[in-house]
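Subject: Structure for your files

Hello,

Here is the structure I said I would pass on. My notes on it follow below.

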Amino acid sequence: MKSRYHILLLLPALLFLVVSCGPPYITPGPHGRKRPGKATQRPYVIHGKTYYPIPNAEGYRETGIASWYGKQFHGHRTSNGEIYDMYGGTAAHKTLPMGTMLLVKNLKNGRTTVVRINDRGPFVKSRIIDLSYSAAKSIGMIGKGTARVQITALGEAVHAQAKTATKGKPATHAPKLKHKDFDAGHFYVQVGSFEHRKEARALAKKFAAHGKDVIIQQFPAAGTYLLRVMVFAGTSLKKARGYEHFLKKNGFPNALIIAR
């Protein structure tokens, strides 16, 4: 029985020996495929679907600190209602639409993985993404706990579109990408988090008195529960960032945007 238990513990590690770029359902596609207006991109095949990095003009790219979460949340519900699996290729992000596929690159060692957003967080100003244990391990950041990363939204290739021939070169075909609208959503700015409901309500009342829609949301943190005071900031991420910036300059330096 003991030897069987040891084998079960080793299974996650063995999976990563097979696939080094991320969770086992991700297969790197061949190099050399062309996209309109972009240099050669590397496609990723996930559950039989092909994804490419979305061009900056219509996509989403961000650089910052990544963290990870594991056993403490394993088996609990995520923000979209799924059960969190620390061995799955998922992540938490503050604003990106649920289901968004992201390419995550560790800028120190160059290792990459692909994750799907199914949770909200991290609720820390200095961090941009919380990776599952599995995803964090695949890019070599378990030991330190954090890493500087670049995240790039991926779009699903649905069909090829012709690119007009130029300067005597033949026309080429590039995949049309299907993806979500990263600017649209219901965005709130977190203006404070408290252990006691009395303090949270006092701050919420100040914003409500100025005609703002405010909610108080409970969330687990470091073995306890905190109460987040969140002020509605609109349905456009761009406009919500403007409100976040205003609050940071006016007494709320730790304000951060969270989508619901």
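Is E82 buried, partly exposed or exposed? E82 is partly exposed, with a relative accessible area of 27%; here buried means under 20%, exposed means over 50%, and partly exposed is in between, using a 1.4 Å probe and protein chains only.

Before the rest, some ground rules. This is a predicted model, in which local features need pLDDT of at least 70 and side-chain atom pairs count only at pLDDT 80 or more, while totals for chains, interfaces and linings use all residues. Residues are numbered from 1 along each chain as its sequence is written, and side-chain values use heavy atoms, with hydrogens and water left out.

Salt bridges

The count is 3 salt bridges, a salt bridge being a side-chain nitrogen of Lys or Arg within 4 Å of a carboxyl oxygen of Asp or Glu.

E82 is in one of them, with R116, at 2.9 Å from N to O. This pair links distant parts of the chain: E82 is in the loop between β6 and β7 (90-92), and R116 is in strand β9 (residues 112-119), 34 residues apart. Helices (H or I, at least four residues) and strands (E, at least two) are DSSP runs, numbered from the N terminus. R116 is also partly exposed, at 26% relative accessibility.

K178 and E156 form another, with their closest N and O atoms 3.6 Å apart. Distant parts of the chain are linked here too, K178 being in strand β12 (residues 172-178) and E156 in strand β11 (residues 147-163), 22 residues apart. K178 is partly exposed at 49%, whereas E156 is buried at 15%.

E244 and K248 meet at 3.8 Å, N to O. Both lie in helix α4 (residues 237-249), 4 residues apart, about one turn of the helix. E244 is buried at 11% relative accessibility; K248 is partly exposed at 31%.

Strands

β14, β15, β13 and β16 form an open sheet of 4 strands in that order, with antiparallel pairing; two strands pair if DSSP finds at least two bridges between them. The edge strands, β14 and β16, each pair on one side only. Within the sheet, β13 and β16 share 4 bridges, and F187 has A259 in β16 as its bridge partner.

β10 is mostly covered, as 5 of its 6 residues are buried. β6 runs parallel to β10 and is joined to it by 5 bridges; A66 has I129 in β10 as its partner. β7 runs antiparallel to β10, with 2 bridges, and A92 stands opposite D130 in β10.

Largest pocket

The largest pocket holds about 1000 Å³ of space. A pocket is an open set of points on a 1 Å grid over the protein atoms alone, where a 1.4 Å probe fits, with protein on both sides within 12 Å along at least five of seven lines; lining residues have an atom within 4 Å of a point. Grid points are joined across faces, edges and corners, and the volume is the space filled by probe spheres set on the points.

Of its 37 lining residues, F73, R120, F123, F219 and P220 are the closest to the centre. β14 gives the most to the lining, with 5 residues. The strands that each supply at least two residues include β6 (61-69), β10 (127-132) and β13 (184-194).

Regards
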